[in-house]
Amino acid sequence: MIDYEIFYRRSRAFSNGAKRLRNSKQSATQPLCYSHFSFYQSRDSYVVDDAQSIETFFRLRDDIEKLSLAQYFCELASELAPEMEESEDYLKLVLNCLYMLVSEKRSQTFLKPVIELRMLTLAGYMPSLGVCSACGKEPEGNVFFDIHNSCVYCAGCRPSGERITKGILNAMRHICASPAEKLFSFELAPDSLKKLSSISERYLLTQTRRNYRALDFYNKLFRE
Ligand SMILES: [Zn+2]
């Protein structure tokens, strides 16, 4: 795992000055670099004064699928993390997912729904995945996930929406509620992971009501 040396605040800063920085500093302002920045404020914007790279994730550039997924992870954080507030949890999540991606400790199909659901949870979009929203009982067998109302129903109450297995439901519960250090500690069969990825993506698009350019690019290349 990576040591986190800075407290991350999502902010918009201009790095025009980076061109004037010494060569050793230039890599710190490249995409997918985890870096320590010093800013100064200029009127209503921030300007990068100094930058030191901590982790470059350069190996992602050797694989277009991993690279496009990594850019999607960063776009998610850019869109969902609060601006100008401490957002260390978002930073840790993105860094850990990039680390898992580059080290191949977890597959792309595993990491995509993990980051989508976990980041939605951080951003206040956590679905209600406990008991059936109609009868209040623990759903057994097939479960129905309502992506519009962010809740689940048992087959006896409302067999509509996305049908998921109990295994997928438990994986979703784990992703949303487990402690950060246990986030990647679950298993799901490849077919179920694929289904989970499809559901988490549609849930993300439905709840946040926006498109993600990096996701469109990733899907065009690897899903169509
Ligand atoms: Zn029910």
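1. Two residues are in contact here if their C-beta atoms, placed from the backbone, lie within 7 Å. On that basis, 59% of the contacts in the chain with a separation of 6 or more are between residues 24 or more positions apart. The model is a predicted one, and the points below should be read as a description of that model.

2. Overall make-up. The chain has 224 residues, of which 27% are buried. Its secondary structure amounts to 7 helices and 6 strands. Read from the N terminus, the order of elements is β-α-β-β-α-α-α-β-β-β-α-α-α.

3. Nonpolar core. The largest nonpolar core contains 49 residues, and Phe73 and Cys97 have the most contacts inside it. Two or more residues are given to this core by each of α2 (64–80), α3 (88–103), α4 (108–122), β4 (143–146), β5 (151–154), α5 (166–177), α6 (190–208) and α7 (213–222). The largest share, 8 residues, comes from α3. As background, nonpolar side chains in soluble globular proteins tend to be buried together.

4. Phe73. Leaving aside residues up to four places away in sequence, Phe73 touches Val94, Cys97, Leu98 and Ile115.

5. α3 with α4. How are these two helices placed relative to each other? Their axes lie 11 Å apart, and the packing angle is about 180°. Because angles over 145 degrees count as roughly antiparallel, α3 is roughly antiparallel to α4. On the α3 side the contact uses Asp89, Tyr90, Leu93, Cys97, Met100 and Leu101; on the α4 side it uses Leu111, Val114, Ile115, Arg118, Met119 and Leu122. By class these residues are 10 nonpolar, no polar and 2 charged.

6. α2 with α7. The axes of this pair come within 8 Å and cross at roughly 155°. The angle makes α2 roughly antiparallel to α7, and α2 passes α7 in a left-handed crossing. From α2, the residues involved are Glu65, Ser68, Leu69, Gln71, Tyr72 and Glu75; they meet Arg213, Ala214, Leu215, Phe217, Tyr218, Leu221 and Phe222 in α7. The contact has 8 nonpolar, 2 polar and 3 charged residues.

7. α5 with α6. Here the axes come within 10 Å, with a crossing angle of roughly 60°. α5 and α6 are therefore oblique to each other. The crossing of α5 past α6 is right-handed. Gly167, Ile168 and Ala171 of α5 meet Ser192, Lys195 and Leu196 of α6. This contact divides into 3 nonpolar, 2 polar and 1 charged residues.

8. Glu140. Is this residue buried or exposed? Glu140 has 11 other C-beta atoms within 10 Å, so Glu140 is exposed, the cut-off for that class being 12 or fewer. Glu140 is placed in the loop between α4 and β4. Its C-alpha atom is separated by 8.1 Å from that of Ala155, which is 15 residues apart from Glu140 along the chain.

Definitions and conventions. Residues numbered from 1 in each chain as written. Predicted model: local features only at pLDDT ≥ 70, side-chain atom pairs only at ≥ 80, totals over all residues. Core = buried A, V, L, I, M, F, W, Y, C linked by C-beta atoms within 7 Å. Buried ≥ 20, exposed ≤ 12 C-beta atoms within 10 Å, placed from the backbone. Helix = DSSP H or I, 4+ residues; strand = E, 2+ residues; numbered from the N terminus. Axes fitted to C-alpha atoms, helices over the stretch in contact; angles between N-to-C directions. Parallel < 35°, antiparallel > 145°, perpendicular 65-115°, else oblique. Nonpolar A, V, L, I, M, F, W, Y, C, P; charged D, E, K, R; others polar. Left-handed = near helix turned anticlockwise from the far one by under 90°.
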